[in-house]
Amino acid sequence: MLVVDDDEVIRQLIAVNLQLEGFEVATATDGRDCLERVREVGPDVITLDVMMPRLDGWVTASRLREDPGTAHIRVVMITARAQEHDIRRGHEIGVDAYVTKPFDPNQLIQTVRKLAAMSR
């Protein structure tokens, strides 16, 4: 698992909830950090915040999909904005799931667990 969010509190909240469920979790502070760490971490699933400095979640997800070495990784967008046009944009990029802030940790865990199982 790679958890990507520029908000340290949210990043740690997601990471701790996933660790408590037995996931091995690494973190990144923004999209650029994610792209630099993804090969080293080798995650099955990445949770990506949409609004981040340097490189937002949309651009990050697009770059992950364009790279044959990372295109297979499941991507969950975590966003305060899950309007129809956002969902459509994510579908075009190849985002696997959405979780809307504020999120229920159990919903996030179920989503990640389902995507991780599909990766195997």
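**View 1. R113 and E21 form a salt bridge in this predicted model.** The closest N and O atoms of the pair are 2.6 Å apart; a salt bridge here is a side-chain nitrogen of Lys or Arg within 4 Å of a carboxyl oxygen of Asp or Glu. R113 sits in helix 5 (residues 105-119) and E21 in the loop between helix 1 (8-20) and strand 2, so the pair ties together parts that are 92 residues apart in sequence. Helices (H or I, at least four residues) and strands (E, at least two) are DSSP runs, numbered from the N terminus. How exposed are the two partners? R113 is partly exposed, at a relative accessible area of 40%, and E21 is partly exposed too, at 39%. For these labels, buried means under 20% relative accessible area, exposed over 50%, and partly exposed in between (1.4 Å probe, protein chains only). Since this is a predicted model, local features need pLDDT of at least 70 and side-chain atom pairs count only at pLDDT 80 or more, while totals for chains, interfaces and linings use all residues. Residues are numbered from 1 along each chain as its sequence is written, and side-chain values use heavy atoms, with hydrogens and water left out.

**View 2. Helix 5 has a buried side and an exposed side.** The helix has 15 residues and reaches 21 Å from its first C-alpha to its last, close to the 21 Å expected at 1.5 Å a residue (the expected span is 1.5 Å times one less than the number of residues). L108, I109, T111, V112, L115 and A116 are buried. Looking down the axis of helix 5, these buried residues fall within an arc of 165°, so they line one face of the helix; the arc is that of the directions from the helix axis to the C-beta atoms. They pack against helix 1, strand 3, strand 4 and strand 5, where contact means heavy atoms within 4.5 Å. On the face turned away from the buried side you'll find the exposed residues N106, Q110 and K114.

**View 3. Five strands make an open sheet in the order 2-1-3-4-5, with parallel pairing.** Two strands pair if DSSP finds at least two bridges between them. Strand 2 (26-28) and strand 5 (97-100) stand at the edges with a single partner strand each, so one side of each has no neighbour in the sheet. From one strand to the next, the twist averages 20°. Strand 1 (residues 2-4) pairs with strand 2 over three bridges in the parallel sense, and L2 has A26 as its bridge partner in strand 2.

**View 4. Helix 2 (residues 31-41) lies across strand 1, strand 2 and strand 3 (45-49).** The helix runs at about 155° to strand 2; axes are lines fitted to C-alpha atoms, for helices over the stretch in contact, and angles run from 0 to 180 degrees between N-to-C directions. Within helix 2, R37 and E40 are three residues apart, about one turn of the helix, and their side chains meet in a salt bridge (3.4 Å, N to O). R37 is partly exposed at 22%, whereas E40 counts as exposed at 61%.

**View 5. Two further spots show charged side chains paired up.** D96 and R74 meet in a salt bridge (3.4 Å, N to O). D96 lies in the loop between helix 4 (84-93) and strand 5, and R74 in strand 4 (residues 74-79), so the pair ties together parts that are 22 residues apart in sequence. D96 counts as partly exposed, at 30% relative accessibility. D5, D49 and K101 are linked in a network of salt bridges.
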